Amino acid sequence: MKSLHLCVLPGDGIGPEVTAEAVKVMERVCKASGIELRLEYALLGGAAIDEEGIPLPMKTIERCRAADAVLLGAVGGPKWDAVEAHNRPEAGLLGIRAKLGLYANLRPAKVFPPLKNASPLREDIVSKGVDLLVVRELTGGIYFGEKGHTEVDGQDAAYDVELYSVPEIERIAKTAFDMAMARSKKLTSIDKANVLESSRLWRSVINRIAQQYPEVEVGHMYVDNASMQLVRNPSQFDVIVTSNIFGDILSDESAMISGSIGMLPSASLGYSGGGLYEPIHGSAPDIAGQGIANPLATILSLGMMFRYTFRMPEQAAAIEQAVENVLAKYRTPDIAAEGLETVSTSRMGDLVAQEAEKLVAAK
Ligand code: IPM
Ligand code: MG
């Protein structure tokens, strides 16, 4: 019997609620597939600060490394705002990505057909269809560069360094080109090469790797223009590849195009087969504990896990289909619609788990 070992990092805010629903789905899909599931939990972010005094305990790193894949909820919240920078919940998230070597972050953004009215963009802009994938470099650049304080003209000053090495750009470029090959063979690299030296290196490496992928149509765009184009005409994009900071910003913008940040999953991958899967949204402390959070982004992250880490596309497709089928009748409050039943976080999880099990069993 095949067995899978999953490490769950519920984290903070709505993290525990949404991961609990994804675990329900995981259990049912595994049952229907004849897979033995081993679940383990570990602390990350504020939850770890409260228990152990630091956002990323060694035990958490070890448990993640030992697992086949990691499912993460979200980290952070006002409770830990006063904590010193290197010990904030966010440092735990950046730390686990770095410790696991997860340099490629895949953030798909699409308009789900049942939710096409949810986009804040005009209907004629989204009606051409939006289905794009942001490939964000995740363990380099300014988020990991040298940082500190210094003095300028006798006044306090602070700096953060944006630095990319050729191998760092090469590996993320390869991930992005491979993704483009599996999709519509169109890749847009986003940088600020008119100003930044690191962007000029980025662009030259992308162009060199492009020679290994003659079928892929490659374009370059400055980040300021790209942020405008994303709302002007998002359908022009398929795969986007960009640096850590630009990817952080543009993936939130892309997510909003779909109108429902509560719907969007992500995968963080590295050299090893294992990966870390998490919803794009944050810990939403304002709605935590009320049973109203949307668990679908986390459930869809599980779908990505079946696709990219377990290489079980049938289970991945069943999870995605289950979400779409359930959305036709039921909604969480964030995507409520007239004529459809509004349900709680846990009811949504039950419905998708049941539907996914049925779909897998029917294959
Ligand atoms: C994200 C988040 C994180 C990031 C924060 C919480 C450190 O914004 O996953 O996009 O910047 O990567
Ligand atoms: Mg972000």
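This is a predicted model: local features need pLDDT of at least 70, side-chain atom pairs count only at pLDDT 80 or more; totals for chains, interfaces and linings use all residues.
Visitor: What is the strand order in the open sheet?
Guide: The order is β2-β1-β3-β12-β11-β4-β5-β10-β8-β9, ten strands with mixed pairing.

Visitor: Which strands stand at the edges?
Guide: β2 and β9 (217–222) do; each has a single partner strand, so one side of each is left without a neighbour in the sheet.

Visitor: And what does the twist average from one strand to the next?
Guide: The twist averages 25°.

Visitor: How do β11 and β12 run, parallel or antiparallel?
Guide: Antiparallel: five bridges join β11 (residues 265–269) to β12 (residues 275–279). Within that pair, Ser268 has Leu276 of β12 as its bridge partner.

Visitor: Which strands does helix α6 touch?
Guide: Helix α6 (residues 166–182) packs on the sheet against β4 (104–110), β5 (131–137), β8 (186–191), β9 and β10 (239–242). The direction of α6 makes about 165° with that of β5.

Visitor: What about α10, which strands does that one touch?
Guide: Helix α10 (residues 296–308) also packs on the sheet, touching β1, β3 (69–74), β4, β11 and β12. Its direction makes about 40° with that of β11.

Visitor: Back to β1. How many of its residues are buried?
Guide: Eight of the nine residues in β1 (residues 3–11) are buried, so the strand is largely enclosed by the rest of the structure.

Visitor: In which sense does β1 pair with β2, parallel or antiparallel?
Guide: β1 and β2 (residues 36–41) pair in the parallel sense, over six bridges. One of the bridge pairs is Ser3 with Glu36 of β2.

Visitor: Changing topic: at what angle do α1 and α12 pack?
Guide: Helix α1 (residues 15–33) and helix α12 (residues 345–362) pack at about 20°, and their axes are 8 Å apart. An angle under 35 degrees counts as roughly parallel, which makes α1 roughly parallel to α12. The crossing is right-handed.

Visitor: Which residues make that contact?
Guide: On α1 they include Glu17, Glu21, Lys24, Val25 and Arg28, and on α12 they include Thr345, Asp350, Val352, Glu357 and Val360. By class, the contact has eight nonpolar, five polar and seven charged residues.

Visitor: What is Glu355 in contact with, leaving aside neighbours within four places in sequence?
Guide: Glu355 is in contact with Ala322, Asn325 and Val326.

Key. Residues are numbered from 1 along each chain as its sequence is written. Chains are lettered from A and ligands numbered from 1 in the order in which they are written. Side-chain values use heavy atoms; hydrogens and water are left out. Axes are lines fitted to C-alpha atoms, for helices over the stretch in contact, and angles run from 0 to 180 degrees between N-to-C directions. Helices (H or I, at least four residues) and strands (E, at least two) are DSSP runs, numbered from the N terminus. Angles under 35 degrees count as roughly parallel, over 145 as roughly antiparallel, 65 to 115 as roughly perpendicular and the rest as oblique. A crossing is left-handed if the near helix is turned anticlockwise from the far one by less than a right angle, and right-handed if clockwise. Contact means heavy atoms within 4.5 Å. Ala, Val, Leu, Ile, Met, Phe, Trp, Tyr, Cys and Pro count as nonpolar, Asp, Glu, Lys and Arg as charged, and the others, Gly among them, as polar. Buried means under 20% relative accessible area, exposed over 50%, partly exposed in between (1.4 Å probe, protein chains only). Two strands pair if DSSP finds at least two bridges between them.
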